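This report describes one protein chain, starting with the whole and ending with a single residue.

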Amino acid sequence: MSVIDFDTLGAYVDLPAHARRLLERSEKEIQCSLSLRIDADRLIEATCYVVYHNSARGPAKGGIRMMPTVTLDSTRDLAERMTYKASLAGIPFGGGKSGIRIDGGSLNRFEKTALLREFCHMLSLELNHGMYIPAPDMGTDASDMAVIYGRFERPEVVTGKPPRVGGLPGRNEATGKGVASVCDWASLRYLGSTLKGHSVAVQGFGNVGWWTAAFLAGQGAKIVAVSDVTGGLYDPAGLAWDELGRLCPGEGGLASVAGARAISNTDLLLLDVDILVPAAAGNQIDETVAEALRARLVVEGANGPVTPEGDRMLEARGIPVIPDVLANAGGVIASYVEWRNGKSGSITDKEDTYQVIERTLKKSWGRVMEMVKRHGLAPRMAAHAVSLREVVEAMKDRGWI
Ligand code: NAD
């Protein structure tokens, strides 16, 4: 099922039937079997998927998810979101994604490196030709991108690398930086004042969640709850960021922080807060959760954290949702700068990276809010209308439709 509501958007976007047919399915899908003999007792096997949703606007861009729950369908869904995210941001990438169906946590560093090298071997044509450009997603990080770089030794092959290995200063925190900026603008637009003093709950304490919380705390918001896959912490008076921030993204261990009580992931989603930022897995806010949700504003740090049914319920209840394609685009914007620098040899410092993210997102925010105002659309529908129009026009430019 498409992430786009083509029936509704047809009223706002000139959408030829052939464009819709192309966008309702993937442009290209690859499935391969990774298999690795570690020693006499250990064989590692994993299915891997690469999906190109649409490359009319540029090469397929999207992270590598390494989780046991990865499927072809979930990879398709994430690739499609990338098409509209890059289009809305106005960066010349198409939508892609890859998934390796294995629990990365069950592998030691050597095994993970060997598996990623096998991934590079299987996909050498795609990667070498720059048709698919990976980056980190759940279960992968900058050090994994350094492994991919090491197979090709061309910096533009992969983004999200460590800064010392052709990476971009500020890329690691780019998605969280963008989510926090969007929270600020959304807070002003929908809650009537800037972030200062607003209570925020963040689900997920990995790359996106940790950095979002860090920037929000720095901007004066009160982080009252955070969680990872093992559970969460809650303090209505605000969690002390000095202590919480010392926990590393992805390492868990939230239960060890003093001065806060434990909270389940479901209870975190139902807290009475100003802003809720789901920044973990997809499909966390279904119709039932949406019916009971008490936050005044939802900003999607994760990809697809709200189901279509949950979305309809939140809209009916008048709770605005700032969609993933807008809110978490900071990462792909920074990736574009990293990719461009890889090709040109330019370098960019952290402050410039932050500025590019802020400037690009602000432009997207303005275009989406204009659409919201003009047609009375919910932010998700408005964002999809703006980005879909660009993709359709690009397909016309390419002579595809
Ligand atoms: P990550 O692997 O660094 O962290 C994921 C976090 O979510 C961890 O804290 C994990 O414990 C937690 N988690 C996993 N399943 C959970 C569950 N069911 N309930 C609660 N917590 C759970 O991943 P990340 O890179 O931070 O990605 C998080 C989300 O943001 C994903 O949806 C990803 O697609 C999206 N995203 C990431 C980037 C990026 O640059 N990394 C960019 C855009 C969007």
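A residue is called buried when its relative accessible area is under 20%, exposed when over 50%, and partly exposed in between, using a 1.4 Å probe and protein chains only. By that rule, buried residues make up 57% of the 401 residues in the protein chain. The model is predicted, so local features need pLDDT of at least 70 and side-chain atom pairs count only at pLDDT 80 or more, while totals for chains, interfaces and linings use all residues. Residues are numbered from 1 along each chain as its sequence is written, and side-chain values use heavy atoms, without hydrogens and water.

The protein chain holds 16 helices and 13 strands; these are DSSP runs (helices H or I, at least four residues; strands E, at least two), numbered from the N terminus. Its radius of gyration is close to the value from the globule rule, so the chain is as compact as a globular protein of that length. The radius is taken over C-alpha atoms, and the rule is 2.2 Å times the number of residues to the power 0.38.

| Quantity | Value |
|---|---|
| Radius of gyration of the protein chain | 20 Å |
| Span of the C-alpha trace along its principal axes | about 55 × 50 × 40 Å |

Contact means heavy atoms within 4.5 Å. Among contacts between residues at least 6 apart in sequence, 69% join residues at least 24 apart.

Aspartate 144 lies in helix α6, residues 142–152. Aspartate 144 is buried, with a relative accessible area of 0%. Beyond its neighbours within four places in sequence, aspartate 144 is in contact with Arg109, Lys112, Leu116 and Gly139.
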